[in-house]
Amino acid sequence: ADQDSGTRVVLIRSAVPRFFCAGADIKVFAASSPETNSRMVDAARAALARIEASGKPFIACIDGHTLGGGLEIAMACDIRLAARGDYKIGLPEVRLGLIPGNGGTQRLPRIIGTSRAFAFLVSGESIGPDEAHRIGLVNETIAPESFEHRVSQLAATLASGAPLAMAATKRALRDGISMNLKDALDLESELVDSLYDSHDAKEGFAAAVEKRPPEYRGE
């Protein structure tokens, strides 16, 4: 998806009813050697790192139980949409004597704040989609009958946007959050300067002046 110029937006969703992703199979994990489990987790970490490093927007389409590694997948995405319903969202690893190992302890506080994330992590409790929306863990909740339409609507909106600008926005947020303010502002300046002479920026200005929809090419 990252290398395909025809792909503008990536949706991550489940093919299994009632589950987005329930994380690792506890029985398999318990029966496997530490080395085997480490290889599995390393592969998962690499996959999520590629989601974050991609210049494409990733949308997590949550419509069922989202636990452990499943929530870590969703948190690596740029936008999280959740269908309303009776299902659980959480990071229960502490109840197994572990901590999240695929980015949960680092991405969660960046999304909902340190104090709230700490309580969530050390309790191992799960919440519903409405509470997840209240604390900012998901961007919005949608009635189940409208979920597919809203996902398609948002994907279409982003797909019609300026690819270079969206990639620059993603990098500014991803890299800038770990920098001091001066360095982050310098990064922002560098990124916006790189866009001024692009076809998309010129097209965006021209479309605004001519009062027509822009036709972005990602160049």
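Trainee: What stands opposite Gly90 in strand 7?
Mentor: Ser126 does. Strands here are DSSP E runs of at least two residues, and helices are H or I runs of at least four, numbered from the N terminus. Keep in mind that this is a predicted model: local features need pLDDT of at least 70, side-chain atom pairs count only at pLDDT 80 or more, and totals for chains, interfaces and linings use all residues. Residues are numbered from 1 along each chain as its sequence is written, and side-chain values use heavy atoms, with hydrogens and water left out.

Trainee: How do strand 6 and strand 7 run?
Mentor: Antiparallel, joined by two bridges. Pairing takes at least two bridges found by DSSP.

Trainee: And what is the strand order in the open sheet?
Mentor: It is 2-4-6-7, with mixed pairing. Strand 2 (19–21) and strand 7 (126–127) are the edges, each pairing on one side only.

Trainee: Is Cys61 buried or exposed?
Mentor: Buried, at 1% relative accessible area. Buried means under 20%, exposed over 50%, partly exposed in between (1.4 Å probe, protein chains only). Cys21 is partly exposed at 23%.

Trainee: Last one: which residues of helix 4 are buried?
Mentor: Gly104, Arg107, Leu108, Pro109 and Ile112. Just after helix 4, Gly113 has a positive phi of about 100 degrees.
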